[in-house]
Every structure is written in structure tokens, then in C-alpha cells.
Amino acid sequence: MIRLQDMKRITPYEWEIPQSFRADMRVPVRIFATQELLEQIMDDKSLEQAVNAATLPGLVGRVVIMPDMHQGYGFPIGAVAATEFPQGVVSPGGIGYDINCGVRLLASDIEYEAALPYLDALATLLNNYCPSGVGVEGVVRVNIPELERILREGSRWALKNDYATETDLARTEESGCLEGANPAKVSDRAKKRGHEQIGSVGAGNHFVEVDVVEAVLDPGPASVLGLRQGYLAVQIHCGSRGLGHQVCTDYVQELQAAVRRYGIELPDRELVCAPMDSPEGQAYLGAMRAAANFAFANRQILAHSARRAFEQVFAGKLKGWELRQVYDIAHNMGKIETHEVNGERLKVCVHRKGATRAFGPGAPGLPPEYQKTGQPVLVPGSMGTASWVLVGTATSMERSFGSSCHGAGRTMSRAKAKREIRGENLRKKLEEQGIKVRAGSMPGLAEEAPQAYKDVDAVVETVSAAGIARKVARLRPVAVIKG
Amino acid sequence: MGFEEIAHTADWALRVWADDLERLFAEAAQGMNALSGARLARGPRTRRTLSLSAPDAESLLVAFLSELVYAAEQEQLAFTSFQVRTLERSDGWTLEAEMEGAPILSINKSIKAVTYHNLQTRQTARGYEVEIVFDV
């Protein structure tokens, strides 16, 4: 049990659990939260999980926790941990089962008011073109050799096959393809789960959503990002589907033996890991990057599907229906990056589990148009409230390994949400608020009710006040497609 | 013998108990079925035999349940009747399971994975007990 008095208040938005808190910690834990959010976080076991994550061999700096943090398994959700490359460890549980789960934002020049008569048809068509739900097949079916090309090339495969534009790729984290992907390290079982699911949303908290840009907080960056107040945008939230889940399952099992082999002691078996320069670590990195590429291609194909829906609904009726990519980010990923740690430039593996890369202005890898603004950071809220578009800052590079929050963060268990909220009533309530809902499962909808989440505005206010991201625009949902 | 949901903020967690390890495995599978809310087709039953090995009992449980996750997603099959035999040997554990099930007509919740989070089978007054967290 971790109490408030076990933590040191650094600023009103930053707290620290010192390394001395528990003997097996290798680094301190730094939490970005207001006292109110911190007290919410303390309702579940996420802080204990953060302390557990701080025991991994090869960690540098500190484990960083975001204000949307909540309990996960192994790592908490909303955690960033960097291990020194190549002798530090990589932990599949520190990246998660849904490898490269992430968010893509597309912007349009369609005014919300003008689009109102068409929103129902748009929601229906998006629902038809972006398959969602449990185990649902995707819009593209490929054979195994073709799947292996997707695993190597990610969004580049989509570009070659006319599902993407050059601009889409430039405006995707890592240009939509992680180097070093090794399909040979992805099991046959994972490939079988993946080859029919490319171009599908999945279930759980994943969605396709039409939003209206409700407020522009910083007109300069908003204009560079192409976001205009009162205009429609689209968010796509999904990941690597069954393929990624199987890759993580396989390696969490396989690495149980590696932990013993390398004499690593862990407080939780879900934290299994292997040195990056070991054969086991290399195998996982190759497979994880392949799954990440699958997810990039998946969101790219769904973006293509969303474009088809927009064209079919609006072409000939309204102008400005072409969807421009704003950005695509990952929030479950392990990446080799260079960061300054204690005054020294170090190559590290940044594990982001439920945390978004938030590179500041001038960071390598950003497209030229975002060099001055910093990287767009996409923070989807719950389906009845709001989502945020932020940009990364120089401070995020210094204090959080170039990372920020990834969402509102759950606060109510799924079981409680299902007990307390009826999906059908929620759907009606959302419709009354002007939000078109297409949901495959009413109990599934209830689990994702806005009441089950923290206040996304409070989460965003915290990262903004702490300086690790800057507010650009606030989005309000007008159509939600869920599995 | 039984199972119950336990609180977890984002995912699903089950506490499972049974008189012996074999029944614990079967009950964990039943608990997972209840979580997913699978509705099965009537008619002829599908029979399957499963052979698995793992370094310890917990890994064997994860491997067993992961097989069922895969069958549900990839083959749309859920198993509801289990005869499980486990054996501890000098080099680890083995499992043989005879299972009966049926095609899935509909499912409420997809279980992405079975985690090792704080996974430990232990002996209590109720026999064997384990808590399992599922990623959903």
C-alpha cells in the first residue's frame, strides 16, 4: 500500500516515489498528476505496479507515470520506462498485448452544421466500411507471404497498394514502419490470427469516431495541423488485433525461462524481460516491431475506408470531404531513442504502455511542417465527452522521455460499469446529445460509458500545466462506431 | 469448486477455486467462458484432445487457457466440458485434456490474452485457488 506521505511533492503537478521506498527499486517513480488525480490513482493498485516496473534491470532516469494512469497487469497503464540499450532489458509486458495500439486523426473541411443532415448516413457507412467487434474479419484478406510483407513494411505496404498517400506516411510516427521487424520471429499462430484481420477495429475501447473541432486553444499550431473550429475530423483508435495479442502471449511465455537464465528477479511474472542484446531479447524486438507494422498498416487501411465513406456521403453535396491525415501515434510500443539522462546522451529503449510519444519542436523524425510546432499528441477521451489534440514540448523531452498521456484513463471497473449502466439507455442518452452511435454490443457499450473514465479535461490540464504537452484543440464526438 | 469476478479497473479478473489442480484448470476455463458470454450452437459436439507442457503449474494454466482463447477467436469454437490430467515431472509439468464444445454463435466479450500478473496457484481451505487477470 502506497500512501500520499510516501511521495514527495515536486510541484502541484509532479510527485515522486523515491528509490528508497522499496529495496528492489532501481530508479524512482515520477508521477504527473494533481493531488486530486493522484488520490483517484491510489484507489487501485497502479502505484504498486509502477513500483514493480521500477525494478527492471537496466532502467535509467525514472519510471514516469501519466495522470491517466490506472491499474493494468505487470506495468500499469500510463507508464513510461527507459532501459539502456543494448544491455538493459526489453519487457513484452511493458509494451502490452495490443502492440502499437494507437490513434490516427484525420481532418476535413466540412462544416459540422452543413454535415448535420448526413451524419446518420455517415455513421452507418463508417460502420459498414470499418468492421468492428469481437473477432471480426478485416476489409483486406491477405495470404501469409503477403502478410509477412505487411509485417516488414507497415504503412509502406499500404502505400504500394493504394491505401495511403506519401503525406499519410510522413505524418505517421516512424513513417508507419519500424525498422528491424522480423516476421520470422512471429509465430505461425500469430500470423493465422492476423491475416484475416487487417483493416478491422476490434472490440473493447477501440473505435472510429467523427468529431467536430469544438475549440481551438492555440491557433498557430492548429492551423499548421489543419484543424479549424466547427469542422469535422475523424479519429481511429485500434492496434495490432489478434496478431499482436498472440506475439505478446508467445513472448511472455517464452521469456519466463530467459528470466531464470539471466538471473533476473522480478516481483511479478508479467514483467518478464530479457536483455536487448540477448537472442531472446532480439527475437522479441523483431516480432514486436513486426506487430507494430501490422498495426500501422491496419490504421492506414481503416483511414482509407473512412475516406471512402466520406466520399460516398459528401461528394457532390458538400465541398472539402477529402480527409487529410493530421498524425498517427502509438501508445503501446517499445522504441530505441536517444534521450538525455543525468546530463548524458543515452540510447535507450523507451517502453510506453498507455503513454504517447510527445516529441518537442525540432525533434528528429517529425515532418518538416511539424518541426516548429512539435509532434501532434492525440488524446482520445470517452465517447460522450471530448478528445484533445496537443503538441509535444521541449519540457517533455527533458522530463518524460518525450512522452505524454494517452487518454482519459479508466476509473471504474468494467464489471461495475456493466452493473450500473444499461447500454441501451446510454445509447439513447448519447443520441440525445447529438452523438450517432453504432455499437455491436450493448453490454460492450456500457463498459465504455463516459462515467467509467476520468475527466479527460483534468488529465490534459495536468500535462499542460506540467509543461509536457501544449493544448491545441478540443474535439467533441458526433458519431461513434464501436464493436 | 467455483469462480467469481474480482475488481480490476481496466480488464477482467477471476478468482477460481477447486478441490484439485485438474478441476482448477477446468473451472478456470468455465470462468473464462462465463466472462466472454459465448452462446453456442446446438447439435453435434466437437471433441478435441490437448497436450501441453510447461515449466511450472502457472505457465501450464496460461498455456491451457491461451489455447481456448485461440480456438474462440480463430475457429469460433468454445469448449464447455473438460477432463484434465496434469503431471509434475522432474523437468516441468504436462497436461492432457479431453474437451467437448460447440461452434460459437455469438460472444459478448473478446478476451485478448491470459496474463501472468500476480499469478500463483495456492492451497487454501477451499482446496486449490488462483487469481487470473485477462486482457480484454
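**Reading a predicted two-chain model**

The buried residues of helix H2 (46–53) of chain A pack against strand E2 (14–17), strand E3 (29–32), helix H1 (35–41), strand E4 (59–73) and strand E5 (75–84) of chain A. The model is predicted.

Student: Which residues of H2(A) are buried?

Tutor: In general, an α-helix has 3.6 residues a turn, so residues three or four places apart point the same way. In H2(A), the buried residues are Ser46(A), Leu47(A), Gln49(A), Ala50(A), Val51(A), Asn52(A) and Ala53(A). Because seven of its eight residues are buried, H2(A) is largely enclosed by the rest of the structure.

Student: Next, the cysteines. How many disulfides are there over all chains?

Tutor: A disulfide is a covalent bond between the sulfur atoms of two cysteines. Here the count over all chains is zero.

Student: Are Cys101(A) and Cys130(A) buried or exposed?

Tutor: Cys101(A) is buried, at a relative accessible area of 5%. Cys130(A) is buried too, with 0% relative accessibility.

Student: Now the interface. What area is buried between chain B and chain A?

Tutor: The size of an interface is often given as the accessible area lost when the parts come together. For chain B and chain A that area is about 3000 Å², and carbon and sulfur atoms give 50% of it. In chain B, the residues that lose the most area to chain A are Thr9(B), Tyr70(B) and Tyr116(B), which together account for 24% of what that side buries. Counted by contact, 32 residues of chain B meet 36 residues of chain A.

Student: How many salt bridges and polar contacts are there between the chains?

Tutor: There are six salt bridges between chain B and chain A. In one salt bridge, the side chain of Glu67(B) meets that of Arg189(A) at 3.1 Å, N to O.

Student: Which elements of chain B give two or more residues to the side that touches chain A?

Tutor: They are helix H2 (57–75), strand E7 (113–114) and strand E9 (127–135) of chain B. H2(B) gives the largest share, ten residues. By class, the residues of this side are 13 nonpolar, ten polar and nine charged.

Terms used
Residues are numbered from 1 along each chain as its sequence is written. Chains are lettered from A and ligands numbered from 1 in the order in which they are written. This is a predicted model: local features need pLDDT of at least 70, side-chain atom pairs count only at pLDDT 80 or more; totals for chains, interfaces and linings use all residues. Side-chain values use heavy atoms; hydrogens and water are left out. A disulfide is a pair of cysteine sulfur atoms within 2.5 Å. Buried means under 20% relative accessible area, exposed over 50%, partly exposed in between (1.4 Å probe, protein chains only). Contact means heavy atoms within 4.5 Å. Buried area is the accessible area (1.4 Å probe) that two parts lose on being put together, summed over both. A salt bridge is a side-chain nitrogen of Lys or Arg within 4 Å of a carboxyl oxygen of Asp or Glu. Helices (H or I, at least four residues) and strands (E, at least two) are DSSP runs, numbered from the N terminus. Ala, Val, Leu, Ile, Met, Phe, Trp, Tyr, Cys and Pro count as nonpolar, Asp, Glu, Lys and Arg as charged, and the others, Gly among them, as polar.
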